[in-house]
Amino acid sequence: MDSFFAASKMFWFLVAPSNLLMLLGGFGLFLALASGRRWGLGLLAVSIVGWGVLGFSPVSNYLLNPLEERFPIYRGDEPITGVVLLGGAEVPEVGLARGVPAFANAGERAIAFGALARKHPEARLAFIGGSGQLFSDGVASEARMMQMTLPDLGIAPDRVEYEVKSRNTAENAEFAKELLKPKPGERWLLVTSAFHMPRAVGCFRKVGFDVIPYPVDFRTAGPNQLNETFSRTAVGLDMADVSIKEWVGLVAYYLSGKTSALFPAP
């Protein structure tokens, strides 16, 4: 297993806000009960306050929205060479077990892929993504999940080209270029979640694959509607996890030379 890949997964497990706050609270409670130390209670208080702030307040909206606004919604009607869909929306452990398509919050990626395929019947189509799990059985389960879903989207499964080895966004870009061999002047649409688009575009630019962003799966209503609170802490914390993962990813990818800019722009 690649040591950088494993380290990045373990690092994110520890610093994801929902996990970090839980670990801080548990450690603080342990210290408070074991020794009665005041700073143990302090850690517990930090955990509770942080959980409430990120879970109920609009903070997560303000963290996520700049990522989603970075690239505008694609409105063009020009002919295209092809469509690149990044994996990650699938829930293969559910879908493959039950024999039905299963997607997480980012299911709009598949919907957009189907719509573009029907709109551009001559375009090449590519699904890019292996498994981003730390422990994987090596089966290209995300691709199998998509193959199962394609007929429902009106796409013949054999029309799509598959890349099934990439484990992260940097490898998505590298292996997509190897598979598709894009030529200068070609127009390739890149479909992924809006919050993920800056890092994805940065990776594709770094490997010399010029793509046109096609952001989908928006989680915020827009820059003028960010003050809405959350009725469940799970929702706010999930958005905090998503946004902070992207911000940390942008910094880490830039420092490690995997993206063309710290915060790629149009």
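**Reading the model**

Me: Which residue follows α8, and is its phi positive or negative?
Reply: Helices here are DSSP runs of H or I with at least four residues, strands are runs of E with at least two, and both are numbered from the N terminus. Residues are numbered from 1 along each chain as its sequence is written, and this is a predicted model in which local features need pLDDT of at least 70, side-chain atom pairs count only at pLDDT 80 or more, and totals for chains, interfaces and linings use all residues. Side-chain values use heavy atoms, with hydrogens and water left out. The residue after α8 is Lys181, and its phi, near 50°, is positive.

Me: What distance does α8 reach from its first C-alpha to its last?
Reply: The expected span of a helix is 1.5 Å times one less than its number of residues. Helix α8 covers residues 169–180, which is twelve residues, and the expected value is 16 Å. The model comes close to that, at 16 Å.

Me: Which residue caps the N-terminal end of α8?
Reply: A polar contact is a pair of N or O atoms within 3.5 Å; within protein, one must be able to donate a hydrogen and the other to accept it, and residues adjacent in sequence count only if both atoms are side-chain atoms. Here a side-chain oxygen lies 3.3 Å from the backbone nitrogen of Ala170. The oxygen belongs to the capping residue, Asn168.

Me: Is Ser243 buried or exposed?
Reply: Buried means under 20% relative accessible area, exposed over 50%, and partly exposed in between, with a 1.4 Å probe and protein chains only. Ser243 lies in helix α10. Its relative accessibility is 0%, so Ser243 is buried.

Me: Which residues are in contact with Ser243, leaving aside its neighbours within four places in sequence?
Reply: Contact means heavy atoms within 4.5 Å. Apart from those neighbours, the contacts of Ser243 are Ser60, Leu63, Leu64 and Leu67.

Me: Over which residues does pLDDT stay under 50?
Reply: pLDDT is the predictor's confidence in each residue, from 0 to 100. The protein averages 90, and 93% of the residues score at least 70. Where pLDDT is low, the predicted coordinates should not be read in detail. The stretch under 50 is residues 134–139.

Me: How many helices and strands does the protein have?
Reply: Counted as DSSP runs, the protein has ten helices and five strands.
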